[in-house]
Amino acid sequence: FMVKMDIGRNGRLVMADHQGTILVSRNSKQFFMNLKDLDKNLYQEIYKKKNGHTLYELGKEKRYLFFYTSPLLGWKIGIVVPKKEIDKEISSILNHILLILFLVLIMGSLLSLFGLQKFVIHPIKIIQKGTTSIFETGQLDQPIIIKSNDELGELAQSFNNMYQEVDKYRNHLQVLVDEKTKELSLANKNIKNTIGALTHPFYVIDANTYQIIIANEAAKKISMGKDLTTCYALTHHRDEPCNTSQHPCPLEEIKKTKKPYVVEHIHYDEINNPIYVEVHGYPVLNDEGEVEQMIEYSLDITERKKSEEKLEEQEEQFRTLVNNIPGTTYRCLLDKNWTMLFISDEIEKLSGYPPSDFLGDNPVRTFADIMHPDDTEAMWKNANDAVENKTYFLNEYRIFDKDKKIHYVSERGQAIYDE
């Protein structure tokens, strides 16, 4: 975005879209604010006609706004110039004119009434009319025509030259505005095409109102033909934000932390069936570092959740089966610590230690810790030979229980191979 483009001494460029949202302003705090909220009368004045100018007051300062409407986008492009700056320039010009008039009047006493009318009064009226018209309309394409080579003719020509230069500058400014408008239009089109190509719901949410600002077709599809209002109405069919232990609100979490957030929710698809989704939220911060908007998209993980539930059910069945086997059953990594991935409850009857002591990233003890040191090398060799030959192994060895008593055990095992 353009933040600052000076015109004259204190003039500046402003630009707003067809709804009145401010896109270019010297005051960065006004970005994306609506002109209607800043000055309702000014908004009505410039949006009731395509081009023109108006005088308004901001604080205690009066300003002129010369505006133009882009025919392609309907955006308002304007130049704001303080009234006192224009008055100062006009005052300077008028002082020059008055000085000339004073000199002319002294000379006029020696001229006839006809000469005074033809060579002084009439040209002055033309200059006055031209300057007044420019002052009132802001149109710079109104030449002051005086066919003479005297001071008034030169003054009129100076006016015309000045207006031509200003008009060239305005035309150049218009070219720059048009180029930037095209760039913004192309960028906006690319963003819409990218968002539209996503197969999962994607939308941008106002952090204060929960209103959906932008949404792709996948999000509109799950609205079942209804207008997109709030995120909780779209995804949860609720009248208020979700804020339960099962469905924590991503927006509220992001407003607290100002960091991306991922959570699992139950949403509803385009035929109103509940589905498991993984919700991803990303904060959009304003100049003050506060969350202004949130980008959110949700991925359908229903099949994954069903697989997880089925796996948990199978694991529970496996645990039940294993726990009914008279003896200790375990699954471990092929390393000299016999790092446990699973071990049945029977280990506590055998060793006096609970299964939890052998599990986790930092177990209390390893299975190798309770083996008799004289038996570990033979066990390790038997297991590795069986792995290489892809057959089962039989081991007989001794372990120490919690009270340091020795128990003789016999085990049978076989490796699990990947693809």
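Trainee: Which residue stands opposite Asp 300 in E11?

Mentor: Val 277 stands there. Before we go on, this is a predicted model, in which local features need pLDDT of at least 70 and side-chain atom pairs count only at pLDDT 80 or more, while totals for chains, interfaces and linings use all residues. Residues are numbered from 1 along each chain as its sequence is written, and side-chain values use heavy atoms, with hydrogens and water left out.

Trainee: What makes a stretch a helix or a strand?

Mentor: Both are DSSP runs numbered from the N terminus: helices are H or I with at least four residues, strands are E with at least two. The chain has 11 helices and 15 strands.

Trainee: How do you know that strand E10 and strand E11 pair?

Mentor: Nine bridges join E10 (residues 274-285) to E11 (residues 291-300), and the two run antiparallel. Two strands pair if DSSP finds at least two bridges between them, so E10 and E11 meet the rule.

Trainee: What is the order of the five strands in the open sheet?

Mentor: The order is E8-E7-E11-E10-E9, with antiparallel pairing.

Trainee: Why do strand E8 and strand E9 stand at the edges?

Mentor: E8 (212-215) and E9 (261-268) each have a single partner strand, so one side of each has no neighbour in the sheet. Neighbouring strands of this sheet are turned by 30° against each other on average, direction ignored.

Trainee: Which helix packs on the sheet?

Mentor: Helix H8 (residues 250-257) does, touching strand E7 (202-206), E9, E10 and E11. A contact means heavy atoms within 4.5 Å. The direction of H8 makes about 135° with that of E11; axes are lines fitted to C-alpha atoms, for helices over the stretch in contact, and angles run from 0 to 180 degrees between N-to-C directions.

Trainee: Let's turn to the rings. How many aromatic pairs does the structure hold?

Mentor: Eight. In one of them, Tyr 330 and Phe 367 are 5.4 Å apart centre to centre, with 40° between the planes.

Trainee: Why is that pair of Tyr 330 and Phe 367 called tilted?

Mentor: Rings of Phe, Tyr and Trp (its six-membered ring) pair if their centres lie within 6.5 Å; planes under 30 degrees apart count as stacked, over 60 as edge-to-face and the rest as tilted. With 5.4 Å and 40°, Tyr 330 and Phe 367 are therefore a tilted pair. Tyr 330 lies in strand E12 (residues 330-332) and Phe 367 in the loop between helix H10 (346-351) and helix H11 (376-389), so the pair ties together parts 37 residues apart in sequence.

Trainee: Why does Phe 367 count as buried?

Mentor: Phe 367 has 3% relative accessibility. Buried means under 20% relative accessible area, exposed over 50%, partly exposed in between (1.4 Å probe, protein chains only), so Phe 367 is buried. Of the 419 residues of the chain, 36% count as buried.

Trainee: How do you know that Lys 76 lies over the face of Tyr 47?

Mentor: Lys 76 is 5.3 Å from the ring centre of Tyr 47. A charge sits over a ring if NZ of Lys or CZ of Arg is within 6 Å of the ring centre and within 35 degrees of the ring normal. Likewise, the charged end of Lys 305 sits over Tyr 276, 5.6 Å from the centre of that ring.

Trainee: Why do the buried residues of H2 line one face of the helix?

Mentor: In helix H2 (residues 40-47), the buried residues are Leu 42, Tyr 43 and Ile 46. Seen down the axis of H2, they fall within an arc of 100°, so they line one face; the arc is that of the directions from the helix axis to the C-beta atoms. These buried residues pack against helix H1 (35-38), strand E4 (52-58), strand E5 (61-69) and strand E6 (76-82). The face turned away carries the exposed Lys 40 and Asn 41.

Trainee: What makes the phi of Lys 404 worth a look?

Mentor: Most residues other than glycine have a negative phi. Phi of Lys 404 is near 70°, a positive value. Lys 404 lies in the loop between strand E14 (393-400) and strand E15 (406-413), and at 62% relative accessibility this lysine is exposed. His 237 also has a positive phi, of about 55°.
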